[in-house]
Structures are given as structure tokens and as C-alpha cells.
Amino acid sequence: MQLAQRLEQLGTETAFAVSQAANDWAARGNRVYPFHLGDIDLPTPGNIVEAMNAAIADGKTGYCPAAGIPLLRDALADDIGRGRGMDLSGANIVVQPGGKPVITKFIQTLMNPGDGVLYPNPGYPIYESQIDYYGGRPLPYRYHETPSGFAIDLEQLRELAPQARLLVYNNLQNPLGCESTPEEMAEIARIATQHDLMVLSDEAYFEMRYSGTSTSIASLPGMAERTVILYTFSKKFAMTGWRLGCAVAPVPVAEQIAKINTNDESCTTHFVQAAGVEALRDPSGAAPLLVELERRRDAAIAGLAAVPGVSCATPEATFYLFPNVTVAVDQLGFDSVSEFATEALRHTGVSFCTRHHFGTARPDEGERYIRLAYSGISVDAIEEGLSKLAAWVGSA
Ligand SMILES: Cc1ncc(COP(=O)(O)O)c(C=O)c1O
């Protein structure tokens with residue numbers, strides 16, 4: 001069989017290999033502490049489930065408009081506009097089966113082969129995969145570790161910007177858990193306007209925060225007309241498997257994204273969209289989710305603090321931690337952070353991703369990092385797992 005050559009350019013989420021290793025270890029009768037999963041083990045709020053069942057009973061099981069049902073597009077325009085201080089209408093909204101499709105549709109709509117695309121590295125791996133697949137020129141930008149988390153290397157971004165036509169920006173960042181200061185975001189907006197860049201603002205975690213408020217770069221002066229927002233129900237309402245999200249875009253871009261929808265999936269499942277309308281009408285079920293995630297964050301931060309040679313800031317958003325494990329890896333005598341991860345699973349059952357699952361690392365990166373997700377693991381398991389990790393690292 002001869003497969004299409006372009007598939008050689010398509011990446012994937014290599015973190016799935018970590019799941020496989022954890023499952024294999026568990027299948028051999030071992031206890032696993034799953035910090036590798038970006039999924040949520042909490043139920044979708046009941047009113048959303050009931051709305052979906054009612055929609056099915058009501059016969060909302062056929063095709064519907066490619067851009068989404070008007071009721072949901074209007075509700076999203078209202079909700080997203082209010083949350084971000086933007087004036088949006090249903091015409092700006094194109095419903096998608098999840099947030100992830102917005103990445104490929106942004107690239108397909110706005111990038112020509114050879115165009116430079118700035119994107120975060122470490123970052124969500126699908127950016128790099130889609131840029132490569134559609135023949136773009138990858139321009140990864142890096143982050144510095146700071147006492148309170150991570151900050152974008154603005155100097156590098158300014159240097160690369162003249163080669164770029166597009167910019168991917170993920171504030172409330174996976175895997176780093178960090179967020180821009182107002183100054184950093186303003187500078188990114190300034191770079192985007194100065195170099196006339198189209199921007200993908202990945203706001204998958206916009207509402208996933210424990211204090212403070214989120215700001216969208218699209219709401220800064222001159223940005224609405226050059227920005228596509230990735231919005232998703234996945235995290236906010238614990239709806240990862242439902243596949244519901246949308247692109248928020250200037251109308252001419254939204255129209256083209258809707259055309260791609262027609263070609264790709266025809267429409268997003270009608271009864272799932274009806275449930276989305278209910279989620280926005282009564283979002284109260286989302287609040288307990290954040291309370292539980294904050295408990296887990298606090299448990300994970302406390303647990304990590306007891307692991308020798310590991311340091312980690314306390315993020316106020318997302319459900320990810322990105323601890324620096326350089327000293328621990330050295331103390332244990334490992335050559336790489338991947339070896340550290342493999343041996344940690346074997347000795348303690350603690351399973352996590354490493355920096356290498358989030359874009360190609362530069363050869364000159366000296367520090368070693370791992371990523372812990374606490375969305376799929378209970379407080380008790382967090383405490384138990386991290387105390388085993390602390391004992392193992394401490395024994396070195
Ligand atoms: C930064 C980021 N963007 C997009 C997505 C995709 O979200 P969805 O599950 O809604 O497709 C994720 C999922 O983990 C993510 O972390």
C-alpha cells in the first residue's frame with residue numbers, strides 16, 4: 001500500500017505513548033498515579049446531560065447548519081463577548097466538534113505554504129504538527145522560567161516576527177500553566193499589529209482559573225480584526241468527550257471556516273449543540289469543578305515541595321504544573337528527563353509527561369522539566385503518589 005507522502009509531515013500527541021506505558025504497568029498489577037492525562041475525571045453537570053437527552057427525544061438527530069445552530073451561535077457570541085469585553089454576533093461564531101479543530105481551520109484558512117508561523121514551544125503539540133502538515137515554516141518561540149512561573153522570550157519573538165505571517169498564542173498555557181502579564185500581552189499585540197500578523201488565540205483554559213480574571217488578546221486595540229479565538233466546552237464543563245467548541249473570527253474568516261466545516265464534518269452533532277445552549281444558559285455546574293481542581297492543585301504543589309531537587313511555581317490557572325526537575329534528575333544520575341519519567345513509573349507508579357511531549361526541544365536547553373496534569377487524579381492519589389516520588393528521589 002502506498003500512503004500519501006504528506007503524512008510524513010503530520011505529527012501527533014506523543015503523550016499518548018505515556019498513557020500506553022502507564023496502562024501496561026497497571027495491567028501488570030501495579031498501582032499507577034495518572035498525572036499524564038489532560039482529561040477530566042469529573043462528571044459533566046447534570047443539566048447539560050438532561051438537555052442532551054431531551055434534544056435526542058425531541059428528534060434533534062439530523063444534519064444541521066455547517067456553522068452551527070443559530071441558537072448556539074448567538075448564545076456563544078453573547079457569552080464570549082461579555083466575558084472578553086468584545087462586541088460579537090452569531091456571524092463571528094463557527095461551531096466545531098471541540099476546540100482542537102480550530103487549530104487546523106485557522107491554518108487552512110490563513111496560511112499559505114512557506115508562510116512563517118510563530119508558535120509556543122514548549123506548547124500544545126498540534127500547532128507544530130498542523131504547520132508542518134500544511135507546508136508552513138515553523139517559527140517556535142520560547143519561554144523563560146521566572147520566580148512566578150514562565151514568561152515569553154519577547155526579545156526572540158521580536159527577532160522572529162519579520163519572518164512571520166501568523167502567530168499562535170496560548171495564554172493560560174498548556175503545558176506551562178502560565179499566563180501573560182498585561183504588559184506581556186500588550187507587547188505581543190503590538191508585535192502582531194506592527195508585523196500585520198493573523199493571530200490564533202488558544203483560549204481553551206480561559207475560564208479555568210482559581211483567582212483573578214482572564215483577558216483575551218482579541219479585546220486589545222486593533223486585535224479583533226486579526227484574531228481567531230479557540231473556544232471550547234471541554235474543560236470548563238468537563239465535556240472533553242462530547243466534542244463541542246467554536247472558532248470566533250472576523251466574519252470573512254468565519255465564512256471560510258464554515259466552508260471547511262461543510263467539507264470536513266458537515267456539522268457538529270445537533271443534540272450536542274442543544275446541550276451547549278443549556279450549558280451557557282445555566283453554567284452553575286462549572287463552579288464545583290474549579291473548587292475540586294483547586295484542591296488538587298494545592299495538594300500537588302504541597303506534594304512536589306517535599307520532593308528533593310524539584311521546584312515549581314503555583315499557577316493560578318489551567319490544571320497543569322511544569323516543575324523543574326533538573327537537580328533531581330542529576331542526583332539520580334539519569335542522562336535524560338525521559339529516563340527519569342520511565343524509572344519514576346517503575347519505582348513509584350507516578351506517571352507524567354516530560355518537556356519532550358510539547359514540541360521539539362532545542363539542543364541548548366539545559367533545564368529539565370516534567371508536566372503534571374491534576375485533572376484526572378484524586379487528592380488522595382496525588383498525596384500518595386507524590387509522597388512515593390519524594391521517597392524515591394530522596395533515597396538517591
Ligand atoms: C492548549 C489546548 N488547546 C486546545 C485543546 C483542545 O481542546 P478540545 O478537547 O476542546 O479539542 C487542548 C486540549 O487539551 C489544549 O490543551
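V117 stands opposite P138 of strand β4 in this predicted model. Strand β3, residues 116-120, is joined to β4 by five bridges. The two strands run parallel.

This pair belongs to an open sheet of seven strands. The order across the sheet is β2-β10-β9-β8-β7-β3-β4. Its pairing is mixed. The edges are formed by β2 (93-96) and β4 (137-141), each of which pairs on one side only. From one strand to the next, the twist averages 20°. Helix α5, residues 126-133, packs on this sheet. The helix touches β3, β4, β7 (164-169) and β8 (198-202). The direction of α5 makes about 165° with that of β3.

A second open sheet contains three strands, in the order β11-β14-β13. Here the pairing is antiparallel. The edge strands are β11 (320-321) and β13 (353-354), and each pairs on one side only. Two bridges link β11 with β14, residues 370-373, in the antiparallel sense. Within this sheet, Y320 stands opposite A373 of β14.

Helix packing was examined next. Two packed helices are described by the angle between their axes and the distance between the axes. For helix α3 (residues 70-84) and helix α9 (residues 270-281), the axes come within 9 Å. They cross at roughly 30°. Angles under 35 degrees count as roughly parallel. Helices α3 and α9 are therefore roughly parallel to each other. The crossing of α3 past α9 is left-handed. On the α3 side, the contact is made by L71, L72, A75, L76 and D79. On the α9 side, Q273, G276, V277 and L280 take part. Of the residues in this contact, six are nonpolar, two are polar and one is charged.

The protein as a whole has 13 helices and 14 strands. Its C-alpha atoms fill a box of roughly 60 × 55 × 50 Å, taken along the principal axes. The radius of gyration is 21 Å. A compact globule with 396 residues would have a value near 21 Å, so the protein agrees with that expectation.

Key:
Residues are numbered from 1 along each chain as its sequence is written. This is a predicted model: local features need pLDDT of at least 70, side-chain atom pairs count only at pLDDT 80 or more; totals for chains, interfaces and linings use all residues. Side-chain values use heavy atoms; hydrogens and water are left out. Axes are lines fitted to C-alpha atoms, for helices over the stretch in contact, and angles run from 0 to 180 degrees between N-to-C directions. Helices (H or I, at least four residues) and strands (E, at least two) are DSSP runs, numbered from the N terminus. Angles under 35 degrees count as roughly parallel, over 145 as roughly antiparallel, 65 to 115 as roughly perpendicular and the rest as oblique. A crossing is left-handed if the near helix is turned anticlockwise from the far one by less than a right angle, and right-handed if clockwise. Contact means heavy atoms within 4.5 Å. Ala, Val, Leu, Ile, Met, Phe, Trp, Tyr, Cys and Pro count as nonpolar, Asp, Glu, Lys and Arg as charged, and the others, Gly among them, as polar. Two strands pair if DSSP finds at least two bridges between them. The radius of gyration is taken over C-alpha atoms; the globule rule is 2.2 Å times the number of residues to the power 0.38.
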